[in-house]
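Good morning, and thank you for coming.

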Number of protein chains: 2
Amino acid sequence: MAKVAIMGYGTVGSGVYDIIKTNSEKLCVNANGEPVELKYILDIRDFDDHPEKELFTKDVNDIINDNEVSVVAEVMGGLHPAYEFTKSLLESGKSVVTSNKELVATYGTELLEIAREKNVNYFFEASVGGGIPIIRPMHQCLTANNIEKIAGILNGTTNYILNQMIKNGKTFETALKDAQQKGFAERNPAADIEGHDACRKIAILASLASGKLVDYNDIDTEGITNITLDDVKYAAAMDAVVKLIGYAEFGKDGKIYSIVSPMVIKNDSPLSGVDGVFNAIMVTGDCVGDVMFYGKGAGKLPTASAVVADIVDAVKHSERSKKIFWEKPQGNIMADKNSKKFSYFVRTTDTAENVQKIFSNCSFVDNIVDNESAFVTEPLSQSEVIEKLSMLSDVVTNIRVLN
Amino acid sequence: MAKVAIMGYGTVGSGVYDIIKTNSEKLCVNANGEPVELKYILDIRDFDDHPEKELFTKDVNDIINDNEVSVVAEVMGGLHPAYEFTKSLLESGKSVVTSNKELVATYGTELLEIAREKNVNYFFEASVGGGIPIIRPMHQCLTANNIEKIAGILNGTTNYILNQMIKNGKTFETALKDAQQKGFAERNPAADIEGHDACRKIAILASLASGKLVDYNDIDTEGITNITLDDVKYAAAMDAVVKLIGYAEFGKDGKIYSIVSPMVIKNDSPLSGVDGVFNAIMVTGDCVGDVMFYGKGAGKLPTASAVVADIVDAVKHSERSKKIFWEKPQGNIMADKNSKKFSYFVRTTDTAENVQKIFSNCSFVDNIVDNESAFVTEPLSQSEVIEKLSMLSDVVTNIRVLN
């Protein structure tokens, strides 16, 4: 009998509760025959009307000091006290599973190290891509591959907004309001639309793929607040869409290039068709080529489904630590920002003649807005494009093109 | 030190060899620090020029009787002697991993049972979807879900052919010849174009999802040989494509409906954008909703990548059997063929008036071919559609629509 606890009875936490209650027989079978029983739910709020109100506690020590509890789901979110609680639990010899991307991206290295020392597990499948299986497949199924590249639509909110612009011709502002009304965006949407959420997720994936901590502070991050309806229309005319992409490239020299940025994606890429609140992660391995994982990147039951799968895996591996792991690198592992070249989609009020003088190998796009030139550059490094753009009289837009 | 053997040095077998040789350090790390060393390659042919010709043997007993060998990759294909070899190896206490979908679909139940008895593993990640992680994610990551539905593009050859028709306006015959010239189709392409390959794969996925053997002989299977260029053009006009789909639906009553058939797929489905020799499998779980797995469904290194991942997993679990498993069902688990309703895309030389009399709730499609009526029916069971079609004077085409 494996006794488990849930920390945080919000959207995801109550989803975890529901799945454990309704699918208990199936979970038992999949946990090698061991019944999974819920013993505690930690939350600072009162749940006196809950049918199992006796499970609730406000004191994490009830869980930490209970030797019967072997696996804890941390679905409370935020850095503190999630960090302190997780650390204490791992140190007391319990496995912890989490959906908390901020915690994994910030303190994952240390928490994974403690788990390894204590021979328990710290699993975080739900922290990236919600219900989409990605952490375990990348680690286990692609184990024969050197990962060369990851490109992901990692944030459902921004994808929903861009989709509303693309499909329904809404402006960014209207699409954002619509997303807020539907509950897809927070009242303060900065973490999503500024790209910070996607940044933490690509940092986790890049750390997992390389085995070395990729610090999200080292990843240049640009959100979608500057994307206009005209940009989206130009993309459509180019048989493409604009998506917010979390990107990481792994050099043979061990250096990692990573960025979060809106990108123009041709419609022949499977990433282009990922609509609404869905997420998708394209992983390129040296043997397998491109594989893509697609599904709901957020939401109560999808995310809880991944948390519960981690619980079952932790129960199965109760006596040994799985080697899902990364460590702090010696020295700087981030590639020079100019080592990677992108083509750029550029709009300017400058003349086509001037454009051609500055960008010799560009291809023009038919105008949608009067009195401007629109074109796609040859692949350029960041400093090259900055220099060339500064020579134009006025730049309306410049967006990377995913290659 | 884990000693492994490869049976069959064809395309996939030589890929497994290449990966083990070039990525040995990485494999060792991922196999919890245990070095993976190749000890035998079984093949009836001579490889005297091979740099490691001393590894080759023509006698399977060299492997069966060698207690040092703990994991064997069966990549020889075909039913015999692959079945006999695999059985003997499992019985002698070795784990076997395979890319052989025919063997898994035909003798999987028995081989999985022997593996369980002997406390070893029989893994088959590469048997469905080539390099795409699908078996393990379905089993582990979706463990909290009741699987409701699987719809997959499971055969790269037919997808390439249909793609050539859709994108390049080739006829079926020309596209097939092109696929044969490119090495994507066999000289005898029946197993692919008649749907038998896809049928074995959906049988494996349905067995895994339900835990009960789904016999591929019980799955109605229709290939793509009747699909014409006009059908494909009609689909495009309907903002859709035609794909060969392996389909399985799991009822709450434990009954399974499964079919392999060309289907019309709307362009808003992520399956519609799966081009060329790529495969994709959409799995619907009661918690997670739709998740899709996409990648190369065949080819030397993609398939070998999945075989090697299985080898590593078998090395890690050398002392215990993982519960990837299904058993022979008590009684019939297949749903009545009329329990499932599809809409159908129909072309007939009969008049629109007659069509409307017979199919009251149909929606007509603009004509592409003169003197015919084209329409999509309301959802109908198989017997309902057969009856109604028999009332038309002449039926050119009828294709299921994926819903």
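Predicted model: local features only at pLDDT ≥ 70, side-chain atom pairs only at ≥ 80, totals over all residues.

Across the interface of chain B and chain A, eight residue pairs are in polar contact, both residues at pLDDT 80 or more. A polar contact here is a pair of N or O atoms within 3.5 Å; within protein, one must be able to donate a hydrogen and the other to accept it, and residues adjacent in sequence count only if both atoms are side-chain atoms. On the side of chain B that touches chain A, at least two residues each come from α2 (24–30), α6 (135–141), β11 (278–285), β12 (289–296) and α12 (300–316). Helices (H or I, at least four residues) and strands (E, at least two) are DSSP runs, numbered from the N terminus. The most is given by β12(B), with eight residues.

Residues are numbered from 1 along each chain as its sequence is written, chains are lettered from A and ligands numbered from 1 in the order in which they are written, and side-chain values use heavy atoms, with hydrogens and water left out.

How many residues does each chain bring to the contact? Chain A and chain B each bring 43 residues, contact meaning heavy atoms within 4.5 Å. Between them the two chains bury about 3700 Å², of which 55% lies on carbon and sulfur atoms; this is the accessible area (1.4 Å probe) that two parts lose on being put together, summed over both. In chain B, the residues losing the most area to chain A are B:Cys141, B:Thr143 and B:Tyr294, together 16% of what that side buries. The count of salt bridges between the chains is zero, a salt bridge being a side-chain nitrogen of Lys or Arg within 4 Å of a carboxyl oxygen of Asp or Glu.

Strand β12 also links the chains directly: three bridges join β12 (residues 289–296) of chain A to β12(B), and the two run antiparallel. There A:Phe293 stands opposite B:Phe293.

Finally, a sheet within chain B. Six strands form an open sheet in the order β3-β2-β1-β4-β5-β6, with parallel pairing; strands pair if DSSP finds at least two bridges between them. Its edge strands are β3 (56–57) and β6 (122–123), each pairing on one side only. Six bridges join β1 (residues 2–7) to β2 (residues 36–42), and B:Val4 stands opposite B:Leu38.
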